[in-house]
Structures are given as structure tokens and as C-alpha cells.
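Let's walk through this one as a set of quick questions and answers. Have the structure open while you read.

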Amino acid sequence: MEPILIILCVVAGGLLASLGAHLLPVGGAPAAMGTATGIATGTVQIMLGAAMTGLFTAASAATFTDSLLLVALSGAIGATVMMCVVMLMANILYTFGCGIVPVSGRVDVDPLTKEPQAPYKTPQTDGHGVPNCVYVSGMLGGFVGGFGGALMYFALLNYADFSAGTAAIGALAIFVPNAIIAAYNIRGTIEGFHDPKFKRLPFAMVTSLVISLLCGIMVVIASYLTVGGTM
Amino acid sequence: MTVTPAVVEEEPTKKGLSFKLPLDETEMGLIAGIVAAIVVVFTGLPAVIKGIALILAFLWGMDSVRKTSKYGLGTGVPSIGVLATGFGVVGALVGLALAKYGSIEGVAYPAVLVGVILMGVIGLVAGILSNHEKVIAMKIPKLERAMMELGMAGTLIILLECSIVTGSLNFNAVVNQVLNTGLIALMFIFTCFGLLHPYNACLGPDENRERTRMCSVEIVGLLCALLGFVMIILSSFSWELGSIASVTISSPWKLWNGVSLLIFGLAVWAYFFRMFIKACMDEAYETVGTGMIKTIE
């Protein structure tokens with residue numbers, strides 16, 4: 001057991017979870033009515049889904065490899081695939097079900113593809129669906145969040161010497177408060193990196209740093225008392 | 001004009017239905033915390049008593065969720081329930097790791113409460129940072145206290161559930177029977193829902209605390225029934241599927257505890273579910289049936 005590495009990995013995982021939550025397209029209740037950009041649910045549900053998918057793929061990879069990078073990357077890929085499928089399905093439902101075009105409500109011109117957004121937006125709404133820049137941002141968010149979750153899983157499994165089940169639930173339990181504090185920071189809805197709310201990121205980072213540091217210390221205590229070793 | 005008499009008329013029916021458990025939020029927190037802490041220390045107690053402590057702990061957590069979410073979190077009620085469960089699992093891990101100090105094997109594990117207190121501290125820090133004007137600035141009155149209570153209630157709930165299923169709080173026993181079997185995933189989701197669902201389902205302009213609490217107790221009844229079922233399974237089968245062929249009851253203590261908890265859970269669920277639906281019907285202005293949905297030719 002290596003206390004410094006555990007704390008480093010847990011803090012890095014917490015910070016990445018917080019960053020990931022800021023990058024996801026979270027629409028909340030307005031998106032359920034098609035009047036806001038993003039996926040029609042809260043940050044917690046999206047982030048929990050992405051992180052759990054990431055943990056499944058990371059746990060599968062961890063059964064046959066000891067490489068940190070490989071485990072973390074497989075977690076990231078799992079979460080990214082999950083996010084992509086969800087965003088694609090949201091777009092299919094919005095376009096073919098509601099008959100509205102995916103359009104961003106926060107910017108007039110798409111920052112990546114330079115496509116005009118404002119003319120396609122229904123008046124009095126805040127955008128619809130998942131347009132290009134939001135899709136890319138969501139992919140990045142899934143990647144970063146899944147990477148963070150898998151990093152924590154790897155640290156708890158190999159550095160803290162927990163069993164696979166304990167490591168998975170421990171990683172999820174530390175991931176969740178970080179993602180939720182980030183959700184409180186963005187007040188519920190966000191489109192991605194081009195959203196003005198993204199500038200609030202440092203506040204969530206500070207909180208996330210403190211919480212994951214404390215959680216990391218808790219994990220070190222638990223690992224030291226149960227598995228033993230040199231501190 | 002017609003609204004006032006209707007409200008006056010409703011008062012007596014509300015009184016008759018109100019949930020008997022008295023106490024305001026602070027008293028509820030103190031009593032639930034103390035009872036749950038005592039029950040969690042003595043793991044030799046029958047599962048039904050642990051189930052009652054579980055109900056109290058959930059009521060405490062639900063109260064904290066309610067008084068925080070009343071002001072509008074911006075992310076929906078579920079977030080704070082999931083937060084409490086996340087804190088709870090981390091606190092329970094530390095509590096279980098500490099359990100061996102000063103313990104009487106199979107009877108009492110006083111050191112687990114250190115995990116509860118440590119989680120209370122982390123919750124307090126999270127609350128202070130979330131409410132501080134220069135950091136996240138959520139501006140919710142008494143968020144610090146609510147997050148501290150949620151951390152403590154979450155830890156107590158997870159520890160009680162582990163103690164019900166395992167019958168002890170020995171780290172290795174819990175890891176083998178709860179964490180490695182994947183039972184923790186079920187507990188995680190059920191604890192989330194026990195904390196977040198009552199207020200999430202009842203919120204609105206006419207929300208009242210008694211009705212929300214009925215919903216909470218009802219969910220804990222379901223959880224108890226489920227844990228009782230799990231105990232029956234754990235008592236008669238070993239975890240290798242091959243041994244199903246020769247069913248031997250390895251732990252009669254666990255079997256009878258499981259059966260009693262299952263019956264207790266179902267009884268609590270049935271009673272409070274009926275009470276909850278009745279309260280909803282009575283407190284609604286009018287309940288009318290819409291009949292079957294008509295198909296258009």
C-alpha cells in the first residue's frame with residue numbers, strides 16, 4: 001500500500017470528475033420539454049451512468065492488466081461510448097419525435113463548425129437537442145469523467161489493496177460527491193465548454209480538491225487498518 | 001371565496017391521519033442519531049430492532065434532504081440523496097476498518113462510530129464550502145448542518161444494512177458477504193431512493209412533513225423485506241452455485257432473523273403504503289376516476 005499514490009490518484013480522480021461534470025450537456029427538466037439544449041436529466045444521473053459504465057469497462061480491463069494507463073483509458077472509453085449513445089439517442093428523439101433541430105441556445109455561432117445557431121432557435125426557448133459543439137463537449141466530458149473514475153478504481157484496487165467489489169463501490173462513492181458539488185456549481189444546467197457558466201469551474205475545483213483530499217485520507221486510513229503495511 | 005371553507009373542512013381529517021411519531025427536525029435528528037448509533041454498535045440484536053433503527057435513520061436523512069431541497073438546489077432533489085449515500089459508503093468503509101478496535105467479537109463494535117463522526121466532519125466541510133459566498137455560494141440556510149447530518153445518517157444507514165445482513169461488523173465478513181457479492185450495489189440504490197424519493201415524490205405547494213414521512217417509512221419497509229429475503233438466501237446457500245443441489249441451512253440464526261425481517265418489512269410496507277395513499281386521497285381537493293382511455297377510431 002502506498003498512501004501518497006492513493007491520495008494523488010483520488011484527488012486527481014475527484015478533480016477530473018468535477019471537470020467532466022462541467023463538460024456534459026445537462027438539460028434538466030426544460031430539456032425534457034425540448035426547450036433547452038442537452039440531455040433531459042440531471043447531472044447526477046448522467047454522470048453516475050457514465051461513471052458506472054466506465055467502471056465496468058475499467059474493472060474488466062483490470063482483471064488482465066496492471067497498467068494504470070490502460071485501466072484508466074478503458075474506463076474513459078466506456079464512459080465516452082455511453083455518453084455518445086445517449087446523446088445520439090436524444091438527438092434522434094428530438095429530431096424525429098418532436099421535429100426540432102439541434103441548436104445551441106448560448107452561442108449565436110457554433111464555436112467549432114462556425115454554423116449559425118440563432119436563426120434555427122425557437123423564440124422563447126433555450127436551444128434544443130445536442131448540436132455539434134455540445135456533442136464534442138459531451139464526449140470530452142464522458143472521457144474525462146470516466147478517466148477519473150477508473151483512476152480512483154485503479155488506486156483503490158492496486159495501491160490500497162481492496163477487493164474488486166470494495167474498490168468499485170469506493171470509487172463510485174468518492175466520484176459521486178465530486179460530481180454533485182460540480183452540479184451545484186453550475187446550478188443544474190450547462191451546455192459545455194462554450195457556456196458562460198463554464199467560467200465558474202475554479203470554484204468547483206477548489207471544493208472538489210478539499211473533499212477528495214479528505215476522502216483520500218479516509219481511504220488511506222481504511223486501507224492501513226485492514227490490509228496493513230508501512231505508512 | 002369558496003377556497004376558505006374547503007380548507008377549514010379539511011383540518012379534522014388531517015389531524016386524524018397525522019403520523020404519530022412526534023418531534024420536530026432537531027429532536028428527530030437527536031433521537032434517531034442516538035438510537036441508530038446504539039443499535040449499530042450492538043450487532044447481536046435481532047434484525048427487527050435494527051430495522052426499526054433503520055427507519056429512524058432514514059427519517060432523519062429524509063428530514064435533512066427535505067429542509068435543504070425546500071430552497072431549490074437547481075439540480076433536483078435526487079442529487080442530495082445520492083450525495084448522502086456516497087458519503088455514507090466512504091464513512092462505512094472507514095468505520096468497518098476501525099471496527100476491530102475495542103470490539104467484542106459478534107456482540108459490540110463501538111469503534112465504528114468514529115467513521116460516522118469523521119464523515120460528519122467531511123460533510124460539514126463540504127457544506128461550508130458549498131455555502132460559502134466566495135466558493136460555490138448556494139445560499140441555502142443551514143446547509144452546513146444538513147450536509148453534516150446527511151453524512152452521518154448515510155453512514156449509519158449503510159452500517160446498519162451491513163450489520164443486518166452480516167450479523168457482525170467484522171471487516172472481512174462484511175467484505176465477503178456484502179461487498180464481494182455485489183449486494184452493496186442494491187443497498188446503494190435503495191439507500192439513495194429511501195433518502196431522495198419521499199421528498200422528490202411529495203414536493204409541491206401542498207407538501208407536508210407527515211405525508212412525506214409516511215412515504216419514507218414505506219420505502220424502508222420494502223428495503224427491510226428485501227434485506228430479509230437476502231438473509232434467507234445467504235443462510236441456506238453458499239455462494240457457489242454448485243452447492244444448491246445440497247441445500248443445508250448453515251446459519252439458523254440468520255434464517256429466523258431473515259424471516260422475521262421479511263415479515264416485519266412487508267407489514268410496515270403494507271400499513272404505511274395504505275396510510276400514504278389514504279392521506280393523499282383525503283388531502284386532495286377531489287379524487288375522480290377518469291375511466292379507461294378511449295381509443296379514437
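**A buried Phe and its helix neighbours**

With 21 C-beta neighbours inside 10 Å, Phe171(B) counts as buried (the cut-offs are 20 or more other C-beta atoms within 10 Å for buried, 12 or fewer for exposed, partly exposed in between, with C-beta atoms placed from the backbone). Keep in mind that this is a predicted model: local features need pLDDT of at least 70, side-chain atom pairs count only at pLDDT 80 or more, and totals for chains, interfaces and linings use all residues. Residues are numbered from 1 along each chain as its sequence is written, while chains are lettered from A and ligands numbered from 1 in the order in which they are written.

Q: Which helix of chain B does Phe171(B) lie in?
A: Helices here are DSSP runs (H or I, at least four residues; strands are E, at least two), numbered from the N terminus. On that numbering, Phe171(B) sits in helix H7.

Q: Leaving aside its neighbours within four places in sequence, which residues is Phe171(B) in contact with?
A: Contact means that the C-beta atoms, placed from the backbone, lie within 7 Å. With those sequence neighbours set aside, Phe171(B) touches Thr226(A), plus Leu96(B), Ala97(B) and Ala99(B).

Q: Which helix gives the most residues to the side of chain B that touches chain A?
A: In total, 32 residues of chain B are in contact with 33 residues of chain A. Helices H4 (78-98), H5 (112-131), H7 (171-179) and H8 (183-202) of chain B each give two or more residues to that side. The top contributor, with twelve residues, is H4(B).

Q: At what angle do H4(B) and H5(B) pack?
A: Axes are lines fitted to C-alpha atoms, for helices over the stretch in contact, and angles run from 0 to 180 degrees between N-to-C directions. Residues that meet include Phe87(B) in H4(B) and Val112(B) in H5(B). The axes are 7 Å apart, and the angle is about 145 degrees.

Conventions. Two residues are in contact if their C-beta atoms, placed from the backbone, lie within 7 Å.
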